[in-house]
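Student: I would like to go through some side-chain interactions in a model. Please put up the sequence and structure first.

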Amino acid sequence: QVQLVESGGGLVQPGGSLRLSCAASKSIRSTNTMAWYRQAPGKQREWVASVDPFGVTNYADSMKGRFTMSRDNANNTMYLQIISLKSEDTAVYYCHIPRFNSWGQGIQVTVSS
């Protein structure tokens, strides 16, 4: 089992940016794919982005352009950079490793002035 811990969330003004981090408790070098999801209030959890072991990323259509996912295998960490934040980005963000069915505890991102 792999434990995942997110960090970097918080309150951000519209138009701002932030970077979420997700640290894994063990090596992720052999992991197939890592992903970010988010769940807005009153909505279902939705997929945001994924990155494969070679660094190839895929994004949900609505996330393209403002979201950038990356991974640092040496430090067992993945990241999600979000720019031009909007109020509709307010959600709890989760990191996920499908191979281990591991989820982080989630981290709140609130976009508000």
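Tutor: Contact here means heavy atoms within 4.5 Å. This is a predicted model, in which local features need pLDDT of at least 70 and side-chain atom pairs count only at pLDDT 80 or more, while totals for chains, interfaces and linings use all residues. Residues are numbered from 1 along each chain as its sequence is written, and side-chain values use heavy atoms, with hydrogens and water left out.

Student: Leaving aside neighbours within four places in sequence, which residues is Ser50 in contact with?

Tutor: Ser50 sits in strand E5 (residues 46-51); strands are DSSP runs of at least two residues, numbered from the N terminus. Its relative accessible area is 14%, so Ser50 is buried (buried is under 20%, exposed over 50%, partly exposed in between, with a 1.4 Å probe and protein chains only). With neighbours within four places set aside, the contacts of Ser50 are Thr33, Met34, Ala35, Val56, Thr57, Asn58 and Met69.

Student: How many salt bridges are there?

Tutor: A salt bridge requires a side-chain nitrogen of Lys or Arg within 4 Å of a carboxyl oxygen of Asp or Glu. One of them joins Lys64 and Asp61, with the closest N and O atoms 3.2 Å apart. By this rule the count is four.

Student: Is Lys64 buried or exposed?

Tutor: The relative accessibility of Lys64 is 53%. Because of that value, Lys64 counts as exposed.

Student: What is the nearest side chain of opposite charge to Arg71, and how far away is it?

Tutor: Arg71 is located in strand E7. Its side chain makes a polar contact with the side chain of Asn73 at 2.8 Å (a pair of N or O atoms within 3.5 Å, one able to donate a hydrogen and the other to accept it within protein, residues adjacent in sequence counting only if both atoms are side-chain atoms). For charge, Lys and Arg count as positive and Asp and Glu as negative, with His and the chain ends not counted. Arg71 is buried without a salt bridge, and the nearest side chain of opposite charge is Asp52, at 5.8 Å.

Definitions and conventions:
Helices (H or I, at least four residues) and strands (E, at least two) are DSSP runs, numbered from the N terminus.
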